[in-house]
Amino acid sequence: MVVAEVPKLASAAEYFFKMGVEGKRFRPTVLLLMATALNLPAPRQQPHDAAVDNLATELRVRQQCIAEITEMIHVASLLHDDVLDDADTRRGIGSLNYVMGNKLAVLAGDFLLSRACVALASLKNTEVVSLLAKVVEHLVTGETMQMTTSSDQRCSMDYYMQKTYYKTASLISNSCKSIALLAGQTSEVSVLAYDYGKNLGLAFQLIDDVLDFTGTSTSLGKGSLSDIRHGIVTAPILFAMEEFPELRDVVDEGFDNSANVDLALEYLGRSKGIERTRELAAKHASLASAAVDSFPENDDEDVQRSRRALVELTHRVINRTK
Ligand code: GRG
């Protein structure tokens, strides 16, 4: 799906799908587990019915296609994000804009997005098309919200959570819902799948925001500090600001001056900002887990194992160090 005709575009579009730089593949992992977790109970087959097996295989291929589309949208958004941020690295290697230039990076992102659209159309399910088209709108909206904030918006937890939903949680939540819809699940169950993805995505981003300050250790300042250096205010600072309202003046002054970064870190260190962000992530992880616990009963061993794995992932997301 990511192979283009023109060699230059082909190498650009394939760049982050090569072995070793494919990233965590967190989203497709969740989606394939969700597919099995929502398998409908198989009708009793006696004798073995090949037609039933074929239907199950066909469904799995369609759900796998959602996992592929989701990863392509994700990578397209990373390519464009790196252009906007003028990033020079991604996944431990040179970012595509750095290696091949902004123009090819933008075009490669557009190409991945258009191939994802073609694959999506081939599924011939208009509700699923609408959900994933909305996700692209959300990604763009979230990025724009982050880029163009007023002082009040930058200091608002509601604004931050809305932006986080758009930038991170919408893709995984709406893809989870698409998996459920393709499986022929009811709208109630599809909403549970959506709730799982949304809360997992929010927890994932909240921990990402903590790791930006702490890195793999628990000490402050050991992360890349990339958000704050780019003037992006995230949950730990917002919680710290509730304890120390004077931090707002520092935030309003901006972080072009590295002394302000140090000052904000000092306030953060004296506050419960990191702890409260972790607690909020844990709350969302537990809501995600509760959604899986509400899935309709199914004794199938594979289904049970996938549900346990989805729950296990909620723990991993909040305990991860990278
Ligand atoms: C072209 C679809 C499209 C969108 C353009 C630039 C933009 C609008 C949106 C930016 C969206 C963005 C980059 C959100 C951040 C999401 C996020 C948490 C990225 C990190 O995901 P990981 O940790 O990365 O799963 P790996 O490398 O493991 O895949």
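Q: Which residues does Ile237 touch, not counting residues up to four places away in sequence?
A: A contact means heavy atoms within 4.5 Å. By that criterion Ile237 touches Phe213, Ile228, Leu247, Val251, Ala264 and Leu268, with residues up to four places away in sequence not counted. The model is predicted, so local features need pLDDT of at least 70 and side-chain atom pairs count only at pLDDT 80 or more, while totals for chains, interfaces and linings use all residues. Residues are numbered from 1 along each chain as its sequence is written, and side-chain values use heavy atoms, with hydrogens and water left out.

Q: Which residues touch the most other members of the largest nonpolar core?
A: A nonpolar core is a set of buried Ala, Val, Leu, Ile, Met, Phe, Trp, Tyr and Cys residues joined through side-chain atoms within 4.5 Å. Buried means under 20% relative accessible area, exposed over 50%, and partly exposed in between (1.4 Å probe, protein chains only). The largest such core has 105 residues, and Val30, Met34, Ile69, Tyr196, Ile237 and Leu247 touch the most other members.

Q: Is Cys155 buried or exposed?
A: Cys155 counts as buried because its relative accessibility is 16%. Cys117, at 48%, counts as partly exposed.

Q: How many disulfides does the structure hold?
A: A disulfide is a pair of cysteine sulfur atoms within 2.5 Å. The structure holds zero. For Cys117, the nearest cysteine sulfur, that of Cys65, is 12 Å away.
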